[in-house]
Amino acid sequence: MNPHRKKLIIWTFLIVSIGALVTWDMTTANKMSVVQGVFCPESEINAISSATTKVAVITSDDQELPNPTSTTDAEISYEQIKEMLKRALALQGGTHWLIFTR
């Protein structure tokens, strides 16, 4: 067999193989399985939209906190931060509407 023809056959085989693999990848990319459970694409969560999004900002001197402290105090304890987080979540409506099962 001619060396030039052999090289042509090898290159043709490689190009066809790579093309077939790319085609296969493109056709199966949208068929990936999604694990069922709590997680789902954001587009499937109807509760989240710009109209219903709420943000709550709590400072450490909020009078509704059990132990309010000055905003200039550099020593805020873990428990105070935890209470601030709970208060912020309560003000924005909690997270019970976001956690769901199918």
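Tryptophan 11 lies in helix H1, where helices (H or I, at least four residues) and strands (E, at least two) are DSSP runs, numbered from the N terminus. This tryptophan is exposed, with a relative accessible area of 53%; in this passage, buried means under 20% relative accessible area, exposed over 50%, and partly exposed in between, with a 1.4 Å probe and protein chains only. The structure is a predicted model, in which local features need pLDDT of at least 70, side-chain atom pairs count only at pLDDT 80 or more, and totals for chains, interfaces and linings use all residues. Residues are numbered from 1 along each chain as its sequence is written, and side-chain values use heavy atoms, with hydrogens and water left out.

Together with Ile10, Phe13, Leu14 and Ile15, Trp11 makes a nonpolar surface patch of about 570 Å². Patches are made of residues with over 30% relative accessible area and no salt bridge, like charges being joined within 9 Å and nonpolar side chains (Val, Leu, Ile, Met, Phe, Trp, Tyr) within 5 Å. Accessible areas come from the Shrake-Rupley method with a 1.4 Å probe, and for residues only the protein chains shown count as cover.

The protein chain as a whole contains 2 helices and 0 strands, and 12% of its 102 residues count as buried. The chain exposes about 9000 Å², of which carbon and sulfur atoms supply 64%. Among contacts (heavy atoms within 4.5 Å) between residues at least 6 apart in sequence, 50% join residues at least 24 apart.

Helix H2 has 14 residues and reaches 20 Å from its first C-alpha to its last, close to the 20 Å expected at 1.5 Å a residue, the expected span being 1.5 Å times one less than the number of residues. Gln80, Met84 and Ala88 are buried in H2. These residues cover an arc of only 75° around the axis, which puts them on the same side of H2; the arc is that of the directions from the helix axis to the C-beta atoms. The face turned away from this buried side carries the exposed residues Tyr78, Leu85 and Ala90. H2 is followed by glycine 93, whose phi is positive, near 105°.

Glutamine 80, in helix H2, has a relative accessible area of 17% and is therefore buried. When its neighbours within four places in sequence are left aside, glutamine 80 is in contact with Asn67, Thr69 and Glu75. Proline 66 is 14 residues from glutamine 80 in sequence, and the two are 8.3 Å apart in space, C-alpha to C-alpha. Threonine 69 lies in the loop between helix H1 (3-28) and helix H2 (78-91), and its relative accessibility of 14% means that threonine 69 counts as buried. Apart from its neighbours within four places in sequence, threonine 69 is in contact with Ser60, Asp61, Ile76 and Gln80.

Side chains of opposite charge can pair when their charged atoms come close. A search of the whole structure finds 2 salt bridges, a salt bridge being a side-chain nitrogen of Lys or Arg within 4 Å of a carboxyl oxygen of Asp or Glu. In one of them, the side chains of arginine 87 and aspartate 62 meet at 3.4 Å, N to O. This pair links distant parts of the chain, with arginine 87 in helix H2 and aspartate 62 in the loop between H1 and H2, 25 residues apart. Arginine 87 is partly exposed, with a relative accessible area of 23%, whereas aspartate 62, at 17% relative accessibility, counts as buried. A salt bridge also joins the side chains of lysine 86 and glutamate 83 (3.9 Å, N to O). Because lysine 86 and glutamate 83 are 3 residues apart in helix H2, they are separated by about one helical turn. Lysine 86 counts as partly exposed at 45% relative accessibility, and glutamate 83 counts as partly exposed at 27%.
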